Amino acid sequence: RYITTNNVPDYYVNPYCPIGMGYGYCVPQEIEQGTCPFLNLTCGADNGHGSIPNVGDIWVPLKSTYKIILKGNPTRSDRPGDMYDAETVGSFKSQGPVAAVAMNGIGIQGPNDAGDVSIDEAGFQLTCGGHVTPPLA
């Protein structure tokens, strides 16, 4: 199975700021540990392509390609494996942190969406009122 996508959802998505308008893009733990790759960016400022001043960020097309084997084998003797490693199972992906691909072609990323810490520790709020099923972060 081969997939090529632009990573833009097939439904409308409001402009957003992941932590809030006027805030940065990193959680305190990333800043304290010196691992924040966006230290000098503020959501709602003019950060270039994909940002609208005083509004927030918008989806920007990004071409990604995937090769997914049709019949996986989770009982292999070398399982469990690294969820980001596609090559050892005969697959391919052009976007590294993607762990899966939704039916609409959007790459699903793992714990790195929350700065590789738990959602509670990162301070994210689930606006749907839902819960996170462990061990998701």
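1. Thr5 touches Leu62, Lys63, Ser64, Tyr66, Asn104 and Gly105, leaving aside residues up to four places away in sequence; contact means heavy atoms within 4.5 Å. Thr5 belongs to strand S1 (residues 2-5) and counts as buried, at 10% relative accessibility. Buried means under 20% relative accessible area, with a 1.4 Å probe and protein chains only. The Thr5 side chain also reaches the backbone nitrogen of Asn7 at 3.0 Å.

2. This is a predicted model, in which local features need pLDDT of at least 70 and side-chain atom pairs count only at pLDDT 80 or more, while totals for chains, interfaces and linings use all residues. Residues are numbered from 1 along each chain as its sequence is written, and side-chain values use heavy atoms, without hydrogens and water.

3. The chain has two helices and seven strands, in the order β-α-β-β-β-β-β-β-α from the N terminus. Helices (H or I, at least four residues) and strands (E, at least two) are DSSP runs, numbered from the N terminus. Of the 137 residues in the chain, 23% are buried.

4. There are two disulfides, a disulfide being a pair of cysteine sulfur atoms within 2.5 Å. Their pattern is 1-4, 2-3, with bonded cysteines counted along the chain.

5. The sulfur atoms of Cys17 and Cys43 are 2.0 Å apart, and the link is left-handed, with -90° about the S-S bond. Cys17 lies in the loop between S1 and helix H1 (28-33) and Cys43 in the loop between H1 and strand S2 (51-52), so the pair ties together parts 26 residues apart in sequence.

6. In the disulfide of Cys26 and Cys36 the sulfur atoms are 1.9 Å apart; this link is right-handed, with 75° about the S-S bond. Both Cys26 and Cys36 are buried.

Notes: Buried < 20%, exposed > 50% of the residue type's maximum accessible area, 1.4 Å probe, protein only. Polar contact = N/O pair within 3.5 Å; in protein donor to acceptor, adjacent residues only side chain to side chain.
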